Structures are given as structure tokens and as C-alpha cells.
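Dear colleague,

Here is the structure that I promised to pass on to you.

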Amino acid sequence: MRLTYTSDVWHKNAVVYCLDVETFKDGNGDGVGDFRGLTQQIDYLAGLGVTCLWLMPFFPTPGKDDGYDITDFYSIDPLLGTLGDFVEFMRTAHDRGLRVIADLVVNHTSDQHPWFVEARSGRDSPRRDWYVWSDEPEPDNKDQIIFPDKETSVWEYDKGSEQYYLHSFYRHQPDLNVGNPEVRDEIARILGFWMELGLSGFRVDAVPFLIENVNPQLAEPHEFLADLRAFMTRRNGGAILLGEVNVPYPDLVRYFGDGLGDQITMCFDFIGMQRAWLSMARGEAAPLAEALRERPKPPKDCQWAMFLRNHDELTLDKLTEDERQEVFAAFGPSEDMQIYGRGLRRRLPTMLGGDLRRVKMAYSLLFSLPGTPVIFYGEEIGMGENLEEEGRMAVRVPMQWSPDGGFSQAEPVREIPGGAFAPDRVNVADQKRDTDSLLRWFQLLIERYRECPELAWGECTVLDTGHPAVFAHRCDADGATVVVAHNLGETAQDVELRLDGLDRYELTDLLVDGTLKVSDDGLARLELGPHGCRWLRASPPEIPPEDASVKAH
Ligand code: NOJ
């Protein structure tokens with residue numbers, strides 16, 4: 001594959017690392033993570049091999065939704081540092097070759113944002129129309145309520161101005177009205193501001209809500225996304241939008257910009273993620289294989305963003321009730337592990353019973369699936385959750401740097417997990433010295449993923465393995481091929497794969513030592529241990545495996 005493509009269209013095989021400045025590293029000893037602390041850890045992140053950092057919201061906030069409730073889009077939460085600290089951080093990240101994107105949370109503001117304070121001050125306020133008001137809101141439909149533990153309606157009555165305002169999420173997060181051109185201009189200004197300070201794009205929060213819940217309805221809601229993208233591209237051709245769009249596949253393609261790819265650059269694959277968990281729960285490849293077969297191809301230069309866990313609940317909302325119960329039973333049987341009736345508030349390693357072999361297989365699967373992998377801080381060392389924390393905060397625990405925690409010299413902002421996942425058992429310092437650690441496994445996976453751009457760029461074909469527990473696929477690009485196999489089951493398997501067009505090729509293991517030959521009639525036999533995984537580079541007899549992908553052009 002021509003490697004120069006991967007720098008122009010950098011996001012297509014990036015490795016995205018999501019972190020919250022607040023819980024990553026405390027640099028000033030007040031118990032709260034900050035930009036100075038984060039900057040000191042840049043070499044750790046660069047050494048891990050990730051290529052793009054996604055910063056969760058770092059703006060001034062009353063903190064009622066962990067920063068997703070913003071009171072000023074143009075500055076930094078004073079607890080996390082100053083604009084000066086931010087710029088120093090950006091400079092250091094760029095020096096180490098890391099791009100940075102940040103959450104763009106403009107579906108709503110905090111109810112304490114000066115815009116909303118002004119808007120609710122009276123019906124004739126110049127900002128009134130920046131939010132969505134109604135005298136008599138539509139009756140609520142239960143499916144609209146995102147946080148059913150706290151809300152019973154998406155409308156809240158404002159006594160002062162005697163109208164209801166819309167809030168798709170919590171009542172303290174009034175929805176902005178992008179039906180108003182002034183609001184759309186302001187959103188572009190926010191993008192422009194942070195791009196000027198070096199951001200390479202944004203993770204766009206709650207995209208479907210942003211474009212749909214407005215007044216008046218936009219004639220063509222997707223045009224707004226295309227306008228935003230065009231604005232961004234004018235300022236920086238390489239900037240991207242990474243969209244939180246949890247809708248069924250057939251509805252999702254529109255968010256990329258049907259055929260044109262001129263809206264959201266990368267959409268999270270929520271369906272693939274949920275089916276991957278169902279596959280892991282059953283020890284069967286079929287649910288994931290079906291998802292990949294059904295998944296539409298993103299338009300040129302767009303990409304799927306792959307993940308297994310993020311900072312929210314592990315949502316299982318797109319599975320059937322029975323399937324959801326299967327995943328609950330396998331990975332979160334007790335009620336305090338579940339949330340909103342649709343998800344789990346656990347991190348991956350605890351769900352897999354702390355079984356390192358299984359955990360390693362799960363991440364090998366993640367990195368090999370066609371798309372751009374996105375990981376949540378602490379996944380690389382196998383951090384657990386703290387169920388004592390409320391709701392989704394259970395997974396947003398302080399990063400574990402050393403046996404004594406190493407996050408802060410003071411009492412940390414959030415309680416550190418105890419037991420088998422406490423820092424004395426799970427931390428960066430120990431895993432750096434242990435060649436068998438999860439951290440080392442991540443480094444290897446990331447290195448190989450970057451060396452095999454076919455995985456992200458290529459044509460993916462799910463292979464028939466003849467064994468229900470084995471998921472295998474091949475990715476082909478520009479005449480180069482990578483073949484990958486994962487055993488989701490607990491018993492070793494020998495599988496025979498038909499690899500059309502690869503007769504007599506050599507398959508070289510990329511994660512361990514070993515090679516095998518494809519037979520004259522295109523069959524390859526491979527062994528997989530319990531929860532085993534293999535990545536194989538195919539090379540024709542006359543070409544060494546290390547040259548089989550990156551041919552000079
Ligand atoms: C999605 C974010 O991921 C979540 O954490 C937040 O609570 C809602 N959007 C509202 O902003």
C-alpha cells in the first residue's frame with residue numbers, strides 16, 4: 001500500500017486515545033488532574049504508540065455531567081489549568097507527533113451558561129431563540145429519555161418565563177437551537193477558535209440530537225453538518241469530525257454524507273461494538289460476523305471508529321432484550337453493575353474475569369477489526385472500575401501510574417479502585433518492566449496495526465472458518481493481504497481457511513514467531529489456542545514478508 005496516503009488521510013488508521021485531563025495526572029498537587037500533569041506524561045503516550053489524543057471536555061463547568069455541561073466554550077476549567085498550560089501541552093504533543101482532538105459539546109449548554117441565563121430572563125431576550133422553547137410540549141415518549149434514573153421528561157418548565165425548554169439529556173442541559181443561524185455561526189466560531197490553537201478536529205457529542213431537536217426544524221438537517229465540515233476543511237484540510245452517532249446502520253450512512261463523505265469523517269461503530277460483546281458472551285463469532293457483513297462501507301476517506309469500552313455505560317441498546325440479558329448474565333450479572341436498563345458500568349478486564357489471555361484476545365480483535373481503534377485511558381494496563389462511584393463515574397477512575405497510585409500526591413478527585421484492580425496490582429510502572437504485561441501487548445498491537453495499513457484501508461472479508469467459536473477475516477489493499485483469526489472459545493481449535501488468490505503464499509505470524517504455507521489449492525491450516533489470536537502477513541514466495549505491504553510507488 002502506498003504509505004503516503006496514510007499521512008494525508010491520517011485518521012483512517014490512527015490510534016485514538018481518549019482521556020479526561022481531570023483524572024489523568026495531577027501536576028500541582030491539588031488532587032485534580034490538569035494540563036501540566038498531562039504534559040509530563042506525553043512521552044508515555046507517544047511511547048505507547050497512539051497517534052491522536054481525544055480530550056474529554058476541559059471547559060469551565062459546574063460539573064453536573066462531568067464537564068459535558070459547559071458554561072464557557074472559549075476557555076479552560078481553572079481546576080485543569082490555564083490557556084497557557086493548554087498551549088504548552090499542544091506544543092509538546094505536536095512535538096512528539098501526536099494530534100489532538102477534543103469533545104465538541106454543542107447540542108446543549110449548562111443551564112448556568114450566560115447564554116441560557118440571558119435566554120430565560122424573558123421571552124423578548126435577544127438570546128431567547130438560542131434555545132428550544134414551547135408552551136405545550138409534545139407528550140414524552142419513554143424512548144426519548146436518555147437518563148431515566150434522573151429524568152422523566154425532555155421538557156422542563158421555566159417558571160420565570162412561563163414556557164418549557166427542551167433538554168435531550170439532563171434538565172440542567174438546555175438544548176441549543178441550531179435552527180437559529182446565529183447559533184450555527186457561534187458553533188463554527190468555537191471550532192475555529194480551538195483549531196487556531198492547534199486542534200486537529202473534534203469528537204462531536206450527540207450528533208443526531210444536535211441536528212434534529214431544533215426549532216424550526218432545519219429543512220435539511222444534514223446540510224448543517226456539511227457546512228461545519230466545509231468550514232473546518234477551509235481552515236485545515238486534515239481536520240476531522242468523529243461523531244457519536246448511535247443509530248442503526250441504514251440510518252447511519254447519512255451522517256457520513258451519503259456517498260459524498262462530506263459530513264462526519266468517522267462514526268463510532270456502536271452496532272459492531274455491541275455485537276462484539278454478544279460474540280464474546282456466547283463464545284461465538286456469528287453476531288460480530290453478521291454485523292461486519294451488514295455494515296455499510298463508509299464513503300471514500302471516511303472511516304469507522306472501533307471501540308469496546310468508552311467513558312459512558314457500555315450501551316447494549318441495539319441488542320434485543322434477550323441478547324442484552326445474555327451479555328448482562330455473562331459480564332455484569334449484579335444489578336449495581338447495570339445502568340439505565342440498557343448498559344453496564346464496568347471496564348473490560350473485570351467483565352472478562354481478569355483473565356489476561358481473554359483480555360489480550362479482546363484487544364487483538366479490536367485492533368484488527370476494519371476501522372480506527374479508539375481506546376479509553378487505562379485500558380492499556382487493564383484498569384478496573386469502582387462501583388462505589390455513582391453511575392457512569394464508576395469507569396472514570398484516576399489513572400494508575402505506580403503501585404501507590406501515582407495520580408496525585410493529594411487525596412484524588414475520585415476514589416481509586418481497591419481489590420484485584422487496585423494500583424498495587426495494576427499500574428504503568430510495573431507493566432513497563434514486564435514483557436508479558438497488557439501494556440506491552442498494547443504496544444505490540446499498535447505497532448503491528450500501524451505496520452499493516454491494510455487492516456484499516458483494505459477491503460475486509462469475513463472468512464468461513466467452519467468453527468462457530470473462530471472469527472477470521474482478511475483485509476486486502478493494493479495486492480497486499482493480512483489474515484487474522486481469533487478464537488472466542490475456551491478450547492483450542494484447528495481451522496482451515498480458504499484464501500482465494502493466495503495459493504502457495506507464505507503466512508508470517510506478526511504477534512509471535514512462526515510461518516505457515518498456503519497450499520497449492522489455497523487452503524491454510526492454523527492452530528489457535530484457547531482464546532488464541534493470530535495476525536498473518538501474506539507474502540508471495542519471491543517477496544520477503546516485510547516488503548509485502550509497503551511496496552515503493
Ligand atoms: C454523550 C456523552 O458521551 C455523555 O457522557 C454525556 O453525558 C452526554 N453525551 C451529554 O453530553
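Predicted model: local features only at pLDDT ≥ 70, side-chain atom pairs only at ≥ 80, totals over all residues.

Residues are numbered from 1 along each chain as its sequence is written, and side-chain values use heavy atoms, with hydrogens and water left out.

The ligand

Polar contacts here are pairs of N or O atoms within 3.5 Å. In one of them, a polar side-chain atom of Asp65 lies 2.7 Å from a ligand oxygen; the side chain of Arg203 has an N or O atom 3.1 Å from an oxygen of the ligand, and for Asp205 the corresponding distance is 2.7 Å. Taken alone, the ligand exposes 290 Å², of which the protein buries 98% (areas by the Shrake-Rupley method with a 1.4 Å probe).

For residues, buried means under 20% relative accessible area, exposed means over 50%, and partly exposed lies in between, with a 1.4 Å probe and protein chains only. A nonpolar core is a set of buried Ala, Val, Leu, Ile, Met, Phe, Trp, Tyr and Cys residues joined through side-chain atoms within 4.5 Å. The largest such core has 157 residues, and Tyr17, Phe89 and Trp277 touch the most other members. Apart from this core lies another one of 18 residues, including Ala472, Leu502, Tyr505 and Ala524.

Helices (H or I, at least four residues) and strands (E, at least two) are DSSP runs, numbered from the N terminus. Helix α11 covers residues 270-282, and its 13 residues reach 19 Å from the first C-alpha to the last, close to the 18 Å expected when 1.5 Å is multiplied by one less than the number of residues. Because 11 of its 13 residues are buried, α11 is largely enclosed by the rest of the structure; among the buried ones are Phe270, Arg275 and Trp277. Gly283, which follows α11, has a positive phi near 65°.

The cysteines

With a disulfide taken as a pair of cysteine sulfur atoms within 2.5 Å, the structure holds 0 disulfides. Cys18 is in no disulfide, and the nearest cysteine sulfur, that of Cys52, is 10 Å away; Cys18 counts as buried at 2% relative accessibility. The sulfur of Cys475 is 4.4 Å from the closest cysteine sulfur, in Cys460, which is too far for a bond, and Cys475 is buried, with a relative accessible area of 0%.

Backbone features

A cis peptide bond, with omega of about -5°, joins Asn215 and Pro216, and Pro216 is in the loop between α8 (207-212) and α9 (221-235). Tyr340, a residue other than glycine, has a positive phi near 55°; Tyr340 is in the loop between β12 (338-339) and β13 (343-344) and is buried, with a relative accessible area of 15%. Arg504 is not a glycine either, yet has a positive phi of about 65°. Arg504 is in the loop between β18 (493-498) and β19 (506-509) and is partly exposed, with a relative accessible area of 45%.

With kind regards

Conventions
Polar contact = N/O pair within 3.5 Å; in protein donor to acceptor, adjacent residues only side chain to side chain.
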